[in-house]
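User: Hello! I am new to this structure and would like to learn how to read it. Could you walk me through its features one at a time?

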Amino acid sequence: QVRLVESGGGLVQPGGSLRLSCAASGTIFSINAMGWSRQAPGKQRESVATITSGGTTTYRDSVKGRFTISRDNAKNTVYLQMNSLKPEDTAVYYCNARGTYLSGTAFGSWGRGTQVTVSS
């Protein structure tokens, strides 16, 4: 089983910054892709950013130029640097990962989420 643990959420004023971290642990052979999604109250979960093991990144349009996703493959950790935060960025942010167990079986896992609130 793969466990994903997020950290770094909190309350920040509009225009401020936060850095989220997510560490994966377990019987992992490799992680192909890691990413962040978010879910605001009353809304569906949406993908925010993804990064492959090779470093290829994708972002939803509303965060381009403000958010940066990165990863440390040696630590099985993914980060989300969020700058110029807006109230509409308020949501629970979830980490996710897809990869392969040591047994060769594929996995897809989600973290439990961390709250990000942007408010004055």
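Analyst: Gladly. Let us start with pairing: two strands pair if DSSP finds at least two bridges between them. Strands of a sheet pair through backbone hydrogen bonds, either parallel or antiparallel. In this predicted model, 4 strands make an open sheet in the order 1-3-8-7, with antiparallel pairing. At the edges are strand 1 (2-7) and strand 7 (67-72), each of which pairs on one side only. From one strand to the next, the twist averages 15°.

User: How many helices and strands are there in the protein?

Analyst: The protein has 0 helices and 11 strands. Read from the N terminus on, its elements are β-β-β-β-β-β-β-β-β-β-β.

User: How do I read the pairing of two particular strands?

Analyst: Look at the sense, the number of bridges and the residues that stand opposite each other. Strand 3 (residues 18-26) pairs with strand 8 (residues 77-82) in the antiparallel sense, over 6 bridges. Here Leu18 stands opposite Met82 of strand 8. Strand 8 also pairs with strand 7, again in the antiparallel sense over 6 bridges. In that pairing, Thr68 has Gln81 in strand 8 as its bridge partner. The hairpin of strand 7 and strand 8 has 4 residues between the strands, and Asn76 takes a positive phi near 50° there.

User: Which residues are on the covered face of strand 7, and which are on the uncovered one?

Analyst: Phe67, Ile69 and Arg71 make up the covered face of strand 7, while Thr68, Ser70 and Asp72 make up the uncovered one.

User: Let me turn to overall shape. What radius of gyration does the protein have, and what would a compact globule have?

Analyst: A compact globule of 120 residues would have a radius of gyration near 14 Å, and the protein agrees with that, at 14 Å. Along the principal axes, its C-alpha trace spans about 50 × 25 × 20 Å. The accessible surface of the protein is about 6400 Å², and carbon and sulfur atoms account for 47% of that. Buried residues are 41% of the 120 residues. Of the contacts with a separation of 6 or more, 54% are between residues 24 or more positions apart.

User: Is Ser37 buried or exposed?

Analyst: Ser37 has 6% relative accessibility, so it counts as buried. Ser37 is in strand 4 (residues 28-39). Leaving aside neighbours within four places in sequence, Ser37 has contacts that include Glu46, Val92, Tyr94 and Trp110.

User: How many salt bridges does a search of the whole structure find?

Analyst: The search finds 5 salt bridges. One of them joins Arg38 and Glu46, whose closest N and O atoms are 2.7 Å apart. Arg38 counts as buried because its relative accessibility is 5%, whereas Glu46 is partly exposed at a relative accessible area of 27%.

Arg38 also forms a salt bridge with Asp89, and there the closest N and O atoms are 3.0 Å apart. Asp89 is in the loop between strand 8 and strand 9 (91-101) and Arg38 is in strand 4, so this pair ties together parts 51 residues apart in sequence. Both Asp89 and Arg38 are buried.

User: Where is Arg66 found, and which residues does Arg66 touch?

Analyst: Arg66 is in the loop between strand 6 and strand 7. With a relative accessible area of 11%, Arg66 is buried. Not counting residues up to four places away in sequence, Arg66 touches Gln81, Met82, Asn83, Ser84, Leu85, Lys86 and Asp89. The C-alpha atoms of Arg66 and Asn83 are separated by 5.1 Å, although the two are 17 residues apart along the chain.

Arg66 forms a salt bridge with Asp89 too, the closest N and O atoms being 2.8 Å apart. This pair links distant parts of the chain, 23 residues apart.

User: Which residues do salt bridges with shared partners join into one network?

Analyst: They join Arg38, Glu46, Arg60, Arg66 and Asp89 into one network.

How values were computed
Residues are numbered from 1 along each chain as its sequence is written. This is a predicted model: local features need pLDDT of at least 70, side-chain atom pairs count only at pLDDT 80 or more; totals for chains, interfaces and linings use all residues. Side-chain values use heavy atoms; hydrogens and water are left out. Buried means under 20% relative accessible area, exposed over 50%, partly exposed in between (1.4 Å probe, protein chains only). Contact means heavy atoms within 4.5 Å. Axes are lines fitted to C-alpha atoms, for helices over the stretch in contact, and angles run from 0 to 180 degrees between N-to-C directions. The radius of gyration is taken over C-alpha atoms; the globule rule is 2.2 Å times the number of residues to the power 0.38. Accessible areas come from the Shrake-Rupley method with a 1.4 Å probe; for residues, only the protein chains shown count as cover. A salt bridge is a side-chain nitrogen of Lys or Arg within 4 Å of a carboxyl oxygen of Asp or Glu.
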